[in-house]
Amino acid sequence: MSPDEYCEQKAARSGSSFYYSFRFLPPEQRRAVTALYAVCREVDDVGDEVTDPGVARVKLGWWRTELAATFEGRAHHPVALALAPAVAAFKLPQEHFQTIIDGMTMDLERNRYPDFATLERYCHCVAGVVGLLSAEIFGYSEPATRDYARDLGVAFQLTNIIRDVGEDARRGRIYLPQDELARFGDEVDDLLRRHITTGFTALMAHQVERARTFYARALAVLPAAERRAQRPGLIAGAIYQALLTEIERDEYRVLDRRIALTPLFKAWTAWKTSWRY
């Protein structure tokens, strides 16, 4: 299996909404963004699958070194080998990859977020800079596109947090700001015990509203001339916003289930959105 095939399989197995948006790219860009996604999956899996924090730190340290080596032509891992041509072709900033590792390291250092300012910093590291890297691959000429890409990445991460509240709680992680939990009458123990309080629906509606605000803010600053080039992000955004709508329809029952869209619906939304741009 070649490095590109390894990344393609990793992206396909994930069933991610991003995978559907990649299908509309020319081959070189598609290979590049698929490699970027595979790198993110690899380092994210460290936090999700390695239960020993010490071992997880060692693995993330290895990835930090491996990503640095990618910029020096000394990579070994298949996803790093697949990423290397993209680094050169699209002039991807090395510091963004190190910021992603910083974000993954935050998962080892904290499992609670006191306020949204702290959570937004985390979202920027693990998703905002991924948006910035993706924008480089898709291409742009207007500086405002970077603001769009960063806010879109944060919006994606906020949507993931909303969808995964129950799953994260079972791992002992709470990504909802603690001051907002208190404001809506929830306690961390309520989430850990999957106990739905009277304020939980209002709390989750507030989270959805914030995510939608980030989507709207991103779209508002994206220059019209850049929309065709940034089409993959717009496609993924349409799918993710449809997921928010589905969560709303299901009355925010995210503590005991994982609400998801069907592959057919994702493919249809991707096709429909592609024709708009």
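Buried residues are those under 20% relative accessible area, exposed residues are over 50%, and partly exposed residues lie in between (1.4 Å probe, protein chains only). By that scale His96 is buried, with a relative accessible area of 17%. The model is predicted: local features need pLDDT of at least 70 and side-chain atom pairs count only at pLDDT 80 or more, while totals for chains, interfaces and linings use all residues. Residues are numbered from 1 along each chain as its sequence is written, and side-chain values use heavy atoms, with hydrogens and water left out.

**Helix α7 and helix α8**

- Helices (H or I, at least four residues) are DSSP runs, numbered from the N terminus; α7 covers residues 116–138 and α8 covers residues 144–163.
- The axes of α7 and α8, which come within 7 Å, cross at roughly 125 degrees. That makes α7 oblique to α8, given that angles under 35 degrees count as roughly parallel, over 145 as roughly antiparallel, 65 to 115 as roughly perpendicular and the rest as oblique.
- Axes are lines fitted to C-alpha atoms, for helices over the stretch in contact, and angles run from 0 to 180 degrees between N-to-C directions.
- The α7 and α8 crossing is right-handed: a crossing is right-handed if the near helix is turned clockwise from the far one by less than a right angle, and left-handed if anticlockwise.
- Residues making this contact (heavy atoms within 4.5 Å) include Phe116, Leu119, Tyr122, Gly128 and Gly131 of α7, and Arg146, Arg150, Gly153, Leu158 and Ile161 of α8.
- By class, 12 nonpolar, five polar and three charged residues form the contact of α7 with α8. Ala, Val, Leu, Ile, Met, Phe, Trp, Tyr, Cys and Pro count as nonpolar, Asp, Glu, Lys and Arg as charged, and the others, Gly among them, as polar.

**Helix α3 and helix α7**

- Helix α3 (residues 27–49) and α7 have axes that come within 9 Å and cross at roughly 165 degrees. That makes α3 roughly antiparallel to α7.
- The crossing of α3 and α7 is right-handed.
- On the α3 side, Gln29, Ala32, Val33, Leu36 and Cys40 meet Val130, Leu133, Ser134, Ile137 and Phe138 of α7.
- This contact of α3 with α7 has eight nonpolar, two polar and no charged residues.

**Helix α1 and helix α5**

- The axes of α1 (residues 3–14) and α5 (residues 78–90) come within 8 Å, crossing at roughly 110 degrees. The two helices α1 and α5 are therefore roughly perpendicular to each other.
- Pro3, Asp4, Tyr6 and Cys7 of α1 meet Pro78, Val79, Leu81 and Ala82 of α5. The classes in this contact of α1 with α5 are seven nonpolar, no polar and one charged.
- Ser2 is found in the segment before α1 and is partly exposed, with a relative accessible area of 30%.
- Ser2 and Val79 are 77 residues apart in sequence, with a C-alpha to C-alpha distance of 9.8 Å.

**Nonpolar core**

- The largest nonpolar core has 91 residues, and those with the most contacts inside it are Leu83, Leu92, Leu119 and Leu176. Such a core is a set of buried Ala, Val, Leu, Ile, Met, Phe, Trp, Tyr and Cys residues joined through side-chain atoms within 4.5 Å.
- Helix α7 supplies the largest share of this core, 13 residues.
- Apart from neighbours within four places in sequence, Leu119 is in contact with Tyr113, Leu158, Ile161, Tyr175 and Pro177.

**Helix α6**

- His96 lies in α6 (residues 94–109). Not counting residues up to four places away in sequence, His96 touches Val129, Leu132 and Leu133.
- Glu109 is also placed in α6 and is exposed, with a relative accessible area of 57%.
- Glu109 and Pro53 are 56 residues apart in sequence and 8.8 Å apart in space, C-alpha to C-alpha.

**Loop between α13 and α14**

- Most residues other than glycine have a negative phi.
- Glu251 lies in the loop between α13 (231–249) and α14 (263–274), and its phi is near 60 degrees, a positive value in a residue other than glycine. Glu251 is exposed, at 55% relative accessible area.
- Tyr252 lies in the loop between α13 and α14 and has a positive phi near 60 degrees. Tyr252 counts as buried, at 12% relative accessibility.
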